[in-house]
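Subject: A structure for you to look at

Hi,

Here is the structure I promised to pass on. Please open it beside this email and follow along as you read.

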Amino acid sequence: MASTTVSIDQLMLDAVAQQHWFADAHVMVILSPRYTRNFWKYRQAYRAIVLEAGHLSQALYMSATEMGLGAYVTCAINEALLEQVFGLDPMTEGVLPVCGFGWRGTEMVTMELDPAEQIWQPSAADA
């Protein structure tokens with residue numbers, strides 16, 4: 001199989017499914033559990049792992065906020081790409097969310113969480 005080289009910027013953009021407002025974070029943390037290491041303890045291991053990923057992502061989010069940094073967590077990711085890049089076996093390991101944080105910009109140039117980059121305007125029926 002031929003190997004292709006992509007820039008780290010392109011890799012991060014692809015990893016977060018083209019969400020460019022996340023791709024240029026100063027720090028990205030990929031939460032990647034080893035599922036089989038938890039089956040001995042939990043009958044519903046996947047549920048426990050997902051809950052713990054949520055706890056960890058929120059701890060990162062709150063810590064970044066406490067330090068005055070911007071932060072995000074997203075599950076809209078390209079997990080197949082990340083599994084390939086990190087050499088994970090998707091039957092026993094995987095990728096859950098991607099978290100990121102970094103210095104805030106001096107101004108907001110992208111509306112947060114709006115891929116259309118437009119401020120939502122409620123209709124008259126919503127008023």
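Below is what was found in it, topic by topic.

First, some ground rules. This is a predicted model, so local features need pLDDT of at least 70 and side-chain atom pairs count only at pLDDT 80 or more, while totals for chains, interfaces and linings use all residues. Residues are numbered from 1 along each chain as its sequence is written, and side-chain values use heavy atoms, with hydrogens and water left out.

**The sheet**

Three strands form an open sheet in the order β1-β3-β2, with antiparallel pairing. Its edge strands are β1 (27-30) and β2 (70-74), each of which pairs on one side only. On average, neighbouring strands of this sheet are turned by 15 degrees against each other, direction ignored. Strands (E, at least two residues) and helices (H or I, at least four) are DSSP runs, numbered from the N terminus. Two strands pair if DSSP finds at least two bridges between them. As background, strands of a sheet pair through backbone hydrogen bonds, either parallel or antiparallel.

Look next at β1 and β3 (residues 98-102): they pair in the antiparallel sense over 4 bridges. Val27 stands opposite Phe101 in β3. Helix α3 (residues 45-66) lies across β1, β2 and β3, and runs at about 165 degrees to β2. For such angles, axes are lines fitted to C-alpha atoms, for helices over the stretch in contact, and the angles run from 0 to 180 degrees between N-to-C directions.

**The cores**

A nonpolar core is a set of buried Ala, Val, Leu, Ile, Met, Phe, Trp, Tyr and Cys residues joined through side-chain atoms within 4.5 Å. Buried means under 20% relative accessible area, exposed over 50%, and partly exposed in between (1.4 Å probe, protein chains only). The largest core has 14 residues, of which Val16, Tyr72, Ile77, Leu82, Val95 and Val98 touch the most other members. The elements giving two or more residues to this core are α1 (8-15), α2 (20-23) and α4. Among them, α1 gives the most, with 4 residues. A second, separate core of 6 residues includes Tyr35, Ile49, Ala53 and Cys99.

Within α1, Leu11, Met12, Leu13 and Ala15 are buried. The buried residues of α1 pack against α2, β1 and α4. Just after α1, Ala17 takes a positive phi of about 55 degrees. Leaving aside neighbours within four places in sequence, Val16 is in contact (heavy atoms within 4.5 Å) with residues including Phe22, Met28, Tyr72 and Val98.

**The charged residues**

How many salt bridges does a search of the whole structure find? The search finds 1. A salt bridge is a side-chain nitrogen of Lys or Arg within 4 Å of a carboxyl oxygen of Asp or Glu. Here the side chains of Arg34 and Glu93 meet (3.8 Å, N to O). The pair links distant parts of the chain: Arg34 is in the loop between β1 and α3, and Glu93 in the loop between α4 and β3, 59 residues apart. Arg34 is partly exposed, with a relative accessible area of 47%, whereas Glu93 is buried at 17%.

Finally, find Glu83 in helix α4 (residues 79-85). Glu83 is buried yet has no salt bridge, and the nearest side chain of opposite charge, Arg34, is 13 Å away. For charge, Lys and Arg count as positive and Asp and Glu as negative; His and the chain ends are not counted. Not counting residues up to four places away in sequence, Glu83 touches Leu88, Pro90, Glu93, Gly94 and Val95.

Happy exploring!
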